[in-house]
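Here is a short briefing to read with the model open beside you. It takes up a helix pair, then the domains, then the ligand surroundings.

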Amino acid sequence: MKHFHQPSSPEEALVIKEKYGNQSVFVSGGTQVNSCDFKETFTHAISLEGILSDTISKTEHGLEIGANCTFQQLINDPQVPQVIKNACRLITSRNIRNRVTIGGHIGSNRSNGVLLPVLLALNTTIKLATNQVGIPISDFLLSGKTSLVLSAFIPSSELKRFCSIKHYRRSANDRCILVAAASSFVVNQHFRNPLIALGGVEETAIRLYEIESTLDSHMLQNTDSVELQVASTVHPEDSIHCSAPFKKHLAGVLVAQALSETISMGGAS
Ligand SMILES: Cc1cc2nc3c(=O)[nH]c(=O)nc-3n(C[C@H](O)[C@H](O)[C@H](O)COP(=O)(O)OP(=O)(O)OC[C@H]3O[C@@H](n4cnc5c(N)ncnc54)[C@H](O)[C@@H]3O)c2cc1C
């Protein structure tokens, strides 16, 4: 990295990005951009420090989280749903959580990013500097675009979902290999509009739309069949951490566990 730009507004950041294109990268927390794992090379770093909101605000419409809000801020704020805090805590080092921003987490679009499945399962929309109307986070992740994220928004109706997160990692300090989140409204132990998201099995975190529609309006009667359905839907690759068949099996188990917990949370409502 040869040049470090400190724009004074998101608009100025976009102008610099436009000018240097693939030679430039936004930097918010810097935990990924500055890590040894980061193999891409850039000559221009564009700092987002101080120019994007880091505010968390809850209104009657929903919960809005500024892109520069850190994982530790999310954990500390009483307005934030527990399932989001649980996801943030999966990054075990507090030092790292003090740096990692939600904008950087979404922008890095890592398949196994710990918070992405929960954001997907809560129907989160994101505002971009180029499109402030708000687009579903699922569209953004699948597009693989590098647009500037300004904020994430969870509508108040979605905050009423019962939502659970499950993960697999080899040790308590390891990065997660797989992360599953499920959410649903629950009526008499039946799913209503369930959402299932899974990270670590494809290039980006994904929703399992087909399985969601099979479960809608049903009880969770057979977790074995859910496990098999998930395993046959996803296409993970072998990695040094675990084999593809093992990932498929684990993905099924984690999704079934998350769904089961979601129904339990819904109780007899
Ligand atoms: C020791 C260590 C352990 C970690 N463990 C985990 C773990 O267990 N699980 C996990 O999920 N992550 C882990 N990570 C953190 C990983 O780097 C982050 O998940 C996080 O996504 C990066 O956030 P950041 O704010 O630091 O982003 P940066 O490093 O600043 O940026 C990351 C990417 O996002 C882009 N970007 C930044 N801000 C924005 C924005 N507002 N809009 C659009 N694009 C943007 C950047 O251009 C860059 O491409 C770990 C990191 C370290 C160093």
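In which crossing, right-handed or left-handed, does α10 pass α11? In this predicted model, the crossing of α10 past α11 is right-handed. The points below start with that helix pair and then move on to the rest of the protein.

**The α10 and α11 pair**

- Helix α10 covers residues 223-233 and helix α11 covers residues 244-266.
- Their axes lie 8 Å apart, and the helices pack at an angle of about 135 degrees.
- Angles over 145 degrees would count as roughly antiparallel and those from 65 to 115 as roughly perpendicular, so α10 and α11 are oblique to each other.
- On the α10 side, the contact is made by T223, V226, E227, L228, V230 and A231.
- On the α11 side, the residues that take part are K248, H249, A251, G252, V253, V255, A256, L259 and S260.
- Sorted by class, the residues of this contact are nine nonpolar, four polar and two charged.

- The domain assignment divides the protein into domain 1, residues 3-158, and domain 2, residues 161-266.
- If you want a distance to keep in mind, the C-alpha centres of domain 1 and domain 2 are 24 Å apart.
- Domain 1 brings 21 residues to the contact, and domain 2 brings 27 residues.
- On the side of domain 1 that touches domain 2, the elements giving two or more residues are α3 (82-89), α6 (116-121) and α7 (137-143).
- Of these elements, α6 gives the most to that side, with five residues.
- That side of domain 1 is made up of twelve nonpolar, eight polar and one charged residues.

**Around the ligand**

- How many residues are around the ligand, and which come nearest? There are 31 residues around the ligand, and those that come nearest are G29, Q32, G103, G104 and G107.
- Strand β2 (24-27) and helix α5 (102-108) each supply at least two residues of the shell.
- The largest share of the shell comes from α5, which provides five residues.
- By class, the shell around the ligand holds 15 nonpolar, 13 polar and three charged residues.

Methods: Residues are numbered from 1 along each chain as its sequence is written. This is a predicted model: local features need pLDDT of at least 70, side-chain atom pairs count only at pLDDT 80 or more; totals for chains, interfaces and linings use all residues. A residue is near a molecule or strand if its C-beta atom, placed from the backbone, lies within 6 Å of it. Helices (H or I, at least four residues) and strands (E, at least two) are DSSP runs, numbered from the N terminus. Ala, Val, Leu, Ile, Met, Phe, Trp, Tyr, Cys and Pro count as nonpolar, Asp, Glu, Lys and Arg as charged, and the others, Gly among them, as polar. Domain bounds come from an automatic or database domain assignment. Two residues are in contact if their C-beta atoms, placed from the backbone, lie within 7 Å. Axes are lines fitted to C-alpha atoms, for helices over the stretch in contact, and angles run from 0 to 180 degrees between N-to-C directions. Angles under 35 degrees count as roughly parallel, over 145 as roughly antiparallel, 65 to 115 as roughly perpendicular and the rest as oblique. A crossing is left-handed if the near helix is turned anticlockwise from the far one by less than a right angle, and right-handed if clockwise.
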